[in-house]
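Subject: Structure handover and notes

Hello,

The structure is pasted below, followed by notes on what was found in it. Please read the notes with the model open.

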Number of protein chains: 2
Amino acid sequence: MNRAKNAQVTVQEEIISPAPKSRVRDRIMKTASDLFYRHGIHAVGVDTIATEAGTNKMSFYRNFASKDELVAEYLRGEEREGLLWWDETLAAHAGNPRLQVESLFDVLVQNNCCEESRGCALANAAVEITEPDHPARPVIEKYKADMRRRFRQLARDMGAREADALGDSLMLLWEGAYVARVTMGADGPVQGAAKAARALIAAYTD
Amino acid sequence: MNRAKNAQVTVQEEIISPAPKSRVRDRIMKTASDLFYRHGIHAVGVDTIATEAGTNKMSFYRNFASKDELVAEYLRGEEREGLLWWDETLAAHAGNPRLQVESLFDVLVQNNCCEESRGCALANAAVEITEPDHPARPVIEKYKADMRRRFRQLARDMGAREADALGDSLMLLWEGAYVARVTMGADGPVQGAAKAARALIAAYTD
DNA sequence: CATGTGTGTTACCGGTCAGTAACGCTTAGT
DNA sequence: ACTAAGCGTTACTGACCGGTAACACACATG
């Protein structure tokens, strides 16, 4: 934000304290994440977020430059959370890439076959946000490119015949499972995502 | 719409003329469909639509009860269009269900790997519209349930081992290809959707 | 000629949107 | 005890939202 200010100015006190940040900010982030995910980004206003977080719009704008920046931060949080359970799942089956991917889809199905799920926050944001210069856009692009890269790498680790093709196919299935949760409900085709992944993997390895 | 009105009332003049409808209405529909698809539903206001269609807001509300109704009608149009090229593709390979599905995915890839594509209008609407009583919701649900049913039937026609599982897997892939176009671009994993479908089909038939 | 329908135009309504100014209070650090 | 930061509160701006009232005009039909 103010990173590009005059370098000659003394900025000592700013960089010394890592800023414990305010509790209000955390409450706003938590509330906003919940509302954005449940109702969509365009459907939720900053006033609603602030009030729901037990504060007001003024305190909101003391902590966030704009709503768009809050959205970007929300998606960064979702990315962090997604990578977390991804890495956890991988760690549980280290050295067995095939089982790693299968577990990934098992957890995906498990996470999405509940009433609260509304698919992938990043993908939903990609659908909602059409402005090419929105600060959330690079967050989404980076996350999705990362996911694709990871699937391809896992396919290579599996020793698949056409690793990139398998990786991309799994990526399609991954995205499809999320959006199918939104379009056809928790008891729809999502339920079969893990089985489909296994069939796809088998087709490229056995 | 007014199908359930009192049967004793004379409705002769209504059912006699099939209504040539106005040209303004068509222009609005076409403009709205284009804007909704490109920029999203929430991002486009009725004033913009009317002006862009060469008319004004007043004429808009003479032809549509509300914006929500326009959205529902827009999605009904997209559904009609989707079923059209679906049926065309099936007709081109009648009697060969496997080739029918493969062609379906070929056309899907072809349609989505261009600059103008922004995925499935119905699926995008499902992500954007969270109100459970929105008039567009039943349109989306019906369309997606129909697609799922069709894929399952095609899998049965193929003589697949677990037809419903294959049908649902193809549905996941279908949805995934659309959303992957939005999240990762035209040159991303979408390109491999047809190949993935073939692998999936082979896994359940060969 | 008369009537009705479709359309354009202007002005308006109440509400909500993102974002800001100004002031006062409390609390923590010194 | 003083200061400064964090926070709450109220009131406001200008723009936009979906939707409507009232009036004027063109035209096609009887």
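The cover over the buried residues of α2(A) includes α3, α4 (57-63), α5 and α7 of chain A. Helices here are DSSP runs of H or I with at least four residues, numbered from the N terminus, and strands are runs of E with at least two. The model is predicted: local features need pLDDT of at least 70 and side-chain atom pairs count only at pLDDT 80 or more, while totals for chains, interfaces and linings use all residues. Residues are numbered from 1 along each chain as its sequence is written, and chains are lettered from A and ligands numbered from 1 in the order in which they are written.

The buried residues of α2(A) are I28(A), A32(A), F36(A) and Y37(A). A residue is buried if 20 or more other C-beta atoms, placed from the backbone, lie within 10 Å of its own, exposed if 12 or fewer, and partly exposed in between. Down the axis of α2(A), these buried residues fall within an arc of 145°, so they line one face of the helix; the arc is that of the directions from the helix axis to the C-beta atoms. R23(A), D26(A) and R38(A), on the other side of α2(A), are exposed. The helix has 17 residues, and its first and last C-alpha atoms are 24 Å apart, close to the 24 Å expected at 1.5 Å a residue. The expected span is 1.5 Å times one less than the number of residues. Just after α2(A), G40(A) has a positive phi of about 90°.

I49(A) is in helix α3 (residues 46-52) of chain A. I49(A) counts as buried because it has 24 C-beta neighbours inside 10 Å. Leaving aside neighbours within four places in sequence, its contacts are I28(A), T31(A), A32(A), L35(A), V44(A) and F60(A). A contact means that the C-beta atoms of two residues, placed from the backbone, lie within 7 Å. T31(A) is 18 residues from I49(A) along the chain, and their C-alpha atoms are separated by 6.4 Å.

In α5(A), the buried residues are L70(A), V71(A), A72(A), E73(A), Y74(A), L75(A) and E78(A). Their cover includes α2 (23-39), α7 (121-128) and α8 (137-158) of chain A.

Now the two chains together. Chain B superposes on chain A by a rotation of 180° with 0.0 Å of shift along its axis (RMSD 0.0 Å), using least squares on the C-alpha atoms of residues with pLDDT of at least 70 in both. That is the relation of a two-fold axis. In chain B, the C-alpha nearest the axis belongs to G176(B), at 1.7 Å.

At the interface, 36 residues of chain B are in contact with 36 residues of chain A. On the chain B side, α9(B) gives the most, with 14 residues. Of the interface residues of chain B, 100% are also interface residues in chain A, so the copies meet through the same surface.

The largest nonpolar core has 121 residues, and those with the most contacts inside it are L173(A), L200(A), L173(B) and L200(B). Such a core is a set of buried Ala, Val, Leu, Ile, Met, Phe, Trp, Tyr and Cys residues joined through C-beta atoms within 7 Å. Helix α9 (residues 163-184) of chain A supplies the largest share of this core, 13 residues. Not counting residues up to four places away in sequence, L173(B) touches L172(A), L173(A), G176(A), A193(B), A196(B), A197(B) and L200(B).

Regards
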